[in-house]
Amino acid sequence: MSQEEEGPIPETRPEEGSPPLLEVADLRSWYHAPRRFLSPSRPPVRAVDGVSFSLHRGETLGLVGESGCGKSTLARSILHLIRPTGGRVLFDGVDVGTMDRRALRSLRRRAQIIFQDPFSSLNPRLRVGGALEEVLRVHGLAGSARARRERVRELLLMVGLQPDDAHRFPHQFSGGQCQRIGIARALAVEPDLLICDEPVSALDVSIRAQILNLLRRLQRELELACLFIAHDLGVVEHVSNRVAVMYLGRIVETGPMAEIFENPLHPYTRSLLASAPRLGAATPDGEGNRAWRVLAGEPPDPRAPPSGCPFHPRCPSPLRDVACEQVVPTLEPHGKARRVSCIKVETTSEDST
């Protein structure tokens, strides 16, 4: 049995009073469709529409939401792989928007992305060892050929593979093994931040836990900050210290993982939990997940979001009224560590303190 399969790994908590490694403030990324001849201009797609959060070293923030809510666009906007429309991203206190090309290259060494599809993220023409050595050469790490080969050996062992795997091509590996290679490639440059964009959604259920435990172990040992993106709340619960719930380009609830799962305050969060049954889970009324109504319908068009609360057309809460159609809620503090975007939050849950 590999080390990551031996059991749950203790969560890593950020040191109190330490400055955040990553700060995102009112970040917006809008897509403007090209205008056709003699046709009226179309409103932009508000993929990310005013997102703010912070992330400390050694902490994992789970970002969850339905497909199309803007999670992947947010990840790419943070590293300026997509140029944001507005807002600020501070990495280790430096504004990413003011960085030149050389500084951005240095940033992307310190902040790495692990992609959803492990096969498409690897060059099929390069052996695994060659792919990892290429990363080391590009960033000027492990200068000699011998040092690079030794570093490749260390990386493969670190992610649960064998040194001889360096001589094989990507197509000779399973999906889970390819994702381990992707993780090794991300770790080759010794980053401070990992952005995991749906890293296990393309894998078999039997392999997911192994990769998740591997990521948790590596985060603890290397003291990494991690932004973990997923639509599966069960996956997020397994790896996160804090959770941010995203809907239609905005964060609607954020807080400590345990509090979010034990006492969700926003109706959207409650609906997401209802669609992801968990053994032993119970709602405030004691009837388990059945008491939370599963979300119905499709998300609105991000080019024309609803007036008032963006979630109100699909909101299953019996407390929804005309005010929800008129008032645009903001992400407000609720208790010591929670923030919620809902004007009915005081009565959405039996325990709102």
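## Close-up views of a predicted model

In this protein, residues 24 or more positions apart make up 66% of the contacts with a separation of 6 or more, a contact being heavy atoms within 4.5 Å. The model is predicted, so to speak of local features pLDDT has to be at least 70, side-chain atom pairs count only at pLDDT 80 or more, and totals for chains, interfaces and linings use all residues. Residues are numbered from 1 along each chain as its sequence is written, and side-chain values use heavy atoms, with hydrogens and water left out.

**View 1. The protein as a whole has ten helices and twelve strands.** Helices (H or I, at least four residues) and strands (E, at least two) are DSSP runs, numbered from the N terminus. Of the 353 residues, 50% are buried. Buried stands for under 20% relative accessible area, exposed for over 50%, and partly exposed for what falls in between (1.4 Å probe, protein chains only).

**View 2. Tyr247, Tyr268 and Phe311 are joined into a cluster by ring pairs.** A search of the whole structure turns up three aromatic pairs. Rings of Phe, Tyr and Trp (its six-membered ring) pair if their centres lie within 6.5 Å; planes under 30 degrees apart are stacked, over 60 edge-to-face, and the rest tilted. Tyr247 and Phe311 make an edge-to-face pair, 5.1 Å centre to centre with 85° between the planes. Tyr247 sits in strand 9 (residues 242-247) and Phe311 in the loop between helix 9 (267-274) and strand 11 (332-334), so this pair ties together parts that are 64 residues apart in sequence. Both Tyr247 and Phe311 are buried. Tyr268 and Phe311 have ring centres 5.3 Å apart and planes at 65°, so they too count as edge-to-face. That pair links distant parts of the chain, with Tyr268 in helix 9 and Phe311 in the loop between helix 9 and strand 11, 43 residues apart. Tyr268 is buried as well.

**View 3. Helix 9 is largely enclosed by the rest of the structure, because eight of its eight residues are buried.** Those buried residues are Pro267, Tyr268, Thr269, Arg270, Ser271, Leu272, Leu273 and Ala274.

**View 4. Helix 3 (residues 128-138) packs with helix 5 (residues 175-187).** Two packed helices are described by the angle between their axes and the distance between the axes. Here the angle is about 25° and the axes are 9 Å apart; axes are lines fitted to C-alpha atoms, for helices over the stretch in contact, and angles run from 0 to 180 degrees between N-to-C directions. Helix 3 and helix 5 are therefore roughly parallel to each other (under 35 degrees; over 145 is roughly antiparallel, 65 to 115 roughly perpendicular, and the rest oblique). The crossing of helix 3 and helix 5 is right-handed, the term for a near helix turned clockwise from the far one by less than a right angle, with anticlockwise being left-handed. On the helix 3 side, Val128, Leu132 and Val135 meet Ile181, Ala184 and Arg185 of helix 5.

**View 5. Helix 3 also packs with helix 4 (residues 145-158).** The angle between helix 3 and helix 4 is about 115°, and their axes are 9 Å apart. Helix 3 passes helix 4 in a right-handed crossing. Helix 3 brings Val128, Gly129, Leu132, Glu133, Leu136 and Arg137 to the contact, while helix 4 brings Arg148, Arg149, Arg151, Val152 and Leu156.

**View 6. Arg168 has its charged end over the ring of Phe173.** The distance to the ring centre is 4.2 Å. A charge sits over a ring if NZ of Lys or CZ of Arg is within 6 Å of the ring centre and within 35 degrees of the ring normal.

**View 7. Asp92 and Glu190 each have a positive phi without being glycine.** For Asp92, phi is near 55°. Asp92 is in the loop between strand 4 (86-91) and strand 5 (94-95), and its 37% relative accessibility makes it partly exposed. Glu190 has a phi of about 55°. Glu190 is in the loop between helix 5 and strand 7 (193-197), and at 55% relative accessibility it counts as exposed.

**View 8. Arg208 is part of helix 6 (residues 205-222).** With 22% relative accessibility, Arg208 is partly exposed. Setting aside neighbours within four places in sequence, Arg208 is in contact with Val200, Ser201, Leu203 and Asp232. From Arg208 to Val235 is 27 residues in sequence and 8.5 Å in space, C-alpha to C-alpha.
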